[in-house]
Amino acid sequence: MRTVAVFSEADRESLHVRQADEAFCVGPGPVPRSYLNIPNIISTALVTGCDAIHPGYGFLAENARFAEICADHGLTFIGPKPSVIAAMGDKATAKRVMKDAGVATTPGTDILASVDEARAAAEQVGYPVLLKATAGGGGKGMRVVERPEEMERAYASATAEAEASFKDGRVYMEKLILNPRHIEVQVLGDEFGNVVSLGERDCSVQKPSHQKLIEESPAPHLSEKARAALLEMAVRACKHVGYTNAGTLEFLVSGEQVYFMEMNTRIQVEHPVTEMVYSVDLVKEQIRIAAGEPLGYEQKDLQLRGHAIECRINAEDPRNNFAPQAGTLQRVVFPGGPGVRVDTHVFSGAMVPPYYDSMIAKIIAFGATRDAAIARMERALRETVVDGVNTTIRQCLEILATPQFREGTYDIGFLPHLLAQMEPAAAER
Ligand code: MV4
């Protein structure tokens, strides 16, 4: 297939610009003026004769309106139907739909109409509870409420933050699940009603800001029973909503209990770990499905093999609360060798602009066993050189060396706790 890349003025030198057959600038560095500039992106596709747009994993990837506009211009949006994107984008709706499909969801409520309703509901659900923004996801507009006395303030601040962030202040309530793991299921559905799961990823190693740092597949210490329940629920849910293309269902897992949390209607940053253990090219599958081809295989044909781990290499300043760092990468050397994959847009001499996510590379290591994958990841991280900005390389090595990571017993509290424990001097290296 021939490819056309779009880029901003700040990304002229980016690797994807060279790798595509053609590349066109869609505007200045700031995101709203280029990567969110729908008219510029659509007109680029039309003048270059594109028949489809792959939206990637940020920016417009979960924008139902963009998917509709593509269709209006005769362009295939590589992703699910706009109606499904919209339904899953509203988190309270997504939960309701999943519950109807028989998926285990976190005990809680639909949209709350008032603080009085919230107080009454919390008595039913049982404290501690969480207020969550229905337009949210990723923790914006989320508040923990431990006691009835805290409800008024929490409700006011959750709705205000949701209104300010999403122009939609509506919130719903969930029981707070203590010390869960974040485990997500990869799915693919074609336009003929066939749906398969490609196992799960444990994404519990997250910073206090909810940014993932290390992901792996399969999830360590997930019982066969819980795993089977997760995968079966994910496939059932997708069949129920007529899901097409690639998607991810996020669950909280606590012991044998699994709770659906949210669904992401795009390919995700951490998809390479799944690609490695299932020997599939998920982006190729997305394109085939969007082209109207059937999956061509069944669940029983998909066999998990080995273990894969991904470390995110971000340009961040550990001395300044991990603030993103812009600057020139004087020297960049990436690892290689068997079982090591690097996804990146940077190289020696590249500029990291101030406008975008701080992630500059992903390093993925595969091994026949989890221990082998960890050993390979440590070797790969030690081979990696990024001079000119601070990165998360050392942090990832420190995490891999902890007993919790080694044993695979970590949960979502692990990294925040580790960061708080680290001496300021250690955090500053
Ligand atoms: C939760 C939860 C505990 N109980 N919901 C955080 C971001 C958003 N996607 C949902 N989040 C959570 N929802 C209930 N009912 C704990 C979190 C949470 C979390 C989830 C996954 C990974 C890291 C996390 C860090 C803090 C809180």
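A: Start with the cut-off: a residue is buried when its relative accessible area is under 20%. The model is predicted, so the values below are computed from predicted coordinates.

Now take helix α5, residues 91-100. Of its 10 residues, 7 are buried, so the rest of the structure largely encloses this helix. The buried ones are K91, A92, T93, A94, K95, V97 and M98. Two lysines, K91 and K95, are on that list. After α5 comes G102. The phi of G102 is positive, near 85°.

Next, the wider layout. The chain is divided into three parts: domain 1 covers 4-85, domain 2 covers 107-175 and domain 3 covers 181-428. Taken over C-alpha atoms, the centres of domain 1 and domain 2 are 35 Å apart.

Ring contacts come next. With ring centres required to lie within 6.5 Å, the count is 7 aromatic pairs. One of them joins F66 and F77. Their centres are 6.0 Å apart, with 80° between the planes, and the pair is edge-to-face. F66 belongs to helix α3 (residues 64-72) and F77 to strand β4 (residues 76-77), so this pair ties together parts that are 11 residues apart in sequence. Both partners pass the burial cut-off. F66 is buried at 2% relative accessibility. F77 is buried too, at 9%.

F405 and Y410 make another pair. Their ring centres lie 5.3 Å apart and their planes meet at 5°, so the two rings are stacked. F405 and Y410 are both buried. F405 also has a charged neighbour: R370 lies over the face of its ring, 4.8 Å from the ring centre.

Other rings form a group. Y35, F59, Y355 and Y356 are linked into a cluster by ring pairs.

Last, a helix crossing. Helix α6 (residues 115-125) and helix α7 (residues 151-166) have axes that come within 10 Å. Those axes cross at roughly 120°. Angles from 65 to 115 degrees would count as roughly perpendicular, and those over 145 as roughly antiparallel. α6 and α7 are therefore oblique to each other. The crossing of α6 past α7 is right-handed.

Back to the part in question: α5 is largely enclosed, because 7 of its 10 residues are buried.

Key
Residues numbered from 1 in each chain as written. Predicted model: local features only at pLDDT ≥ 70, side-chain atom pairs only at ≥ 80, totals over all residues. Heavy atoms only, no water. Phe/Tyr/Trp six-rings, centres within 6.5 Å; stacked < 30°, edge-to-face > 60°. Helix = DSSP H or I, 4+ residues; strand = E, 2+ residues; numbered from the N terminus. Buried < 20%, exposed > 50% of the residue type's maximum accessible area, 1.4 Å probe, protein only. Lys NZ or Arg CZ within 6 Å of the ring centre and 35° of its normal. Domains from an automatic or database assignment. Axes fitted to C-alpha atoms, helices over the stretch in contact; angles between N-to-C directions. Parallel < 35°, antiparallel > 145°, perpendicular 65-115°, else oblique. Left-handed = near helix turned anticlockwise from the far one by under 90°.
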